[in-house]
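Please open the model in your viewer and keep the sequence panel beside it. The tour moves from one selection to the next and says what is to be found at each stop.

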Amino acid sequence: MSSEELARKLQRRLDAEQRDTKPGSPVQTGADEEDPPPVKPATAVNGDTTSELTEKLNRRLDIHDGTAKPKQMKVFNPYTEFKEFSRKQIKDMEKMFKRFDSGKDGFIDLMELKLMMEKLGAPQTHLGLKNMIKEVDEDYDGKLSYREFLLIFRRAAAGELQEESGLMALARLSEIDVSTEGVLGARDFFEAKVQALSVRSKFEAEIREEQEEKKRVELERKQRRAAFKELQSTFCS
């Protein structure tokens, strides 16, 4: 369906809704419905939902026609807008975003997302990649901004992503800093974690041993002092 047909259908729906709210409005005939003027949808007056849909459709039509004005970029602070995440988590997400933003333009496009999912060990089809972007693409530019990238993790944390979706795979696998592809990266991660726990246990055991040694030395010192006092009292009596 072309963009003009979509615009005409939405216009007819909006006109019909407006007539339904006015008593005594004439019913639209089939002839009127077949040949409407090729205009873009007007702003709806029958609710916020319809108005929002109209605004989004107008934006898409402008992008399709090449007449869309670039939206003014709002400078956002991820630490205040995404308060559910710690500073370390946000820094890790930013680091990951910049690593796969190979074009260094502040966006992750389709090919960069393809490479990211391959590196994470969860390759997606071309259609799957497009659907991943579409799910969080608020400005319909066909790529992921840093803010839209963070939205993936917000929706994952809120349980709003399907378990088998590509975005859920991205959010889940990104918790592991995979240096190589697939299972090897996960294996290295868990092996390193086990090794770290082993070192920690050894360190704690050494601390306990030192504490026991101090207690033993202190006990021996008290025993020698007591024996000396007893010997001293014997000579003095």
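**Charges over rings**

Begin by selecting Arg87 and Tyr79: the charged end of Arg87 sits over the ring of Tyr79, 4.1 Å from its centre, where sitting over a ring requires NZ of Lys or CZ of Arg within 6 Å of the ring centre and within 35 degrees of the ring normal. Next select Lys143, which lies over the face of Phe107 at 4.4 Å from the ring centre.

This is a predicted model, in which local features need pLDDT of at least 70 and side-chain atom pairs count only at pLDDT 80 or more, whereas totals for chains, interfaces and linings use all residues. Residues are numbered from 1 along each chain as its sequence is written, and side-chain values use heavy atoms, with hydrogens and water left out.

**Aromatic pairs**

The structure holds three aromatic pairs, a pair being rings of Phe, Tyr and Trp (its six-membered ring) with centres within 6.5 Å, counted as stacked if the planes are under 30 degrees apart, edge-to-face if over 60 and tilted otherwise. Select Phe97 and Phe149, whose ring centres are 5.4 Å apart with planes at 55°, so the pair is tilted. Phe97 lies in helix H5 (residues 87-100) and Phe149 in helix H8 (residues 146-157), so this pair ties together parts that are 52 residues apart in sequence; helices (H or I, at least four residues) and strands (E, at least two) are DSSP runs, numbered from the N terminus.

**Helix H7**

Now select helix H7 (residues 126-136), whose buried residues are Gly128, Leu129, Met132, Ile133 and Val136. They cover an arc of only 135° around the axis, which puts them on the same side of H7; the arc is that of the directions from the helix axis to the C-beta atoms. The face turned away from this buried side carries the exposed residues His126, Leu127 and Lys134.

**The largest core**

Finish with Leu113, Met116, Met117, Phe149, Ile152 and Leu170, which touch the most other members among the 32 residues of the largest nonpolar core, a set of buried Ala, Val, Leu, Ile, Met, Phe, Trp, Tyr and Cys residues joined through side-chain atoms within 4.5 Å. The largest share of this core, seven residues, comes from H8.

Definitions and conventions. Buried < 20%, exposed > 50% of the residue type's maximum accessible area, 1.4 Å probe, protein only.
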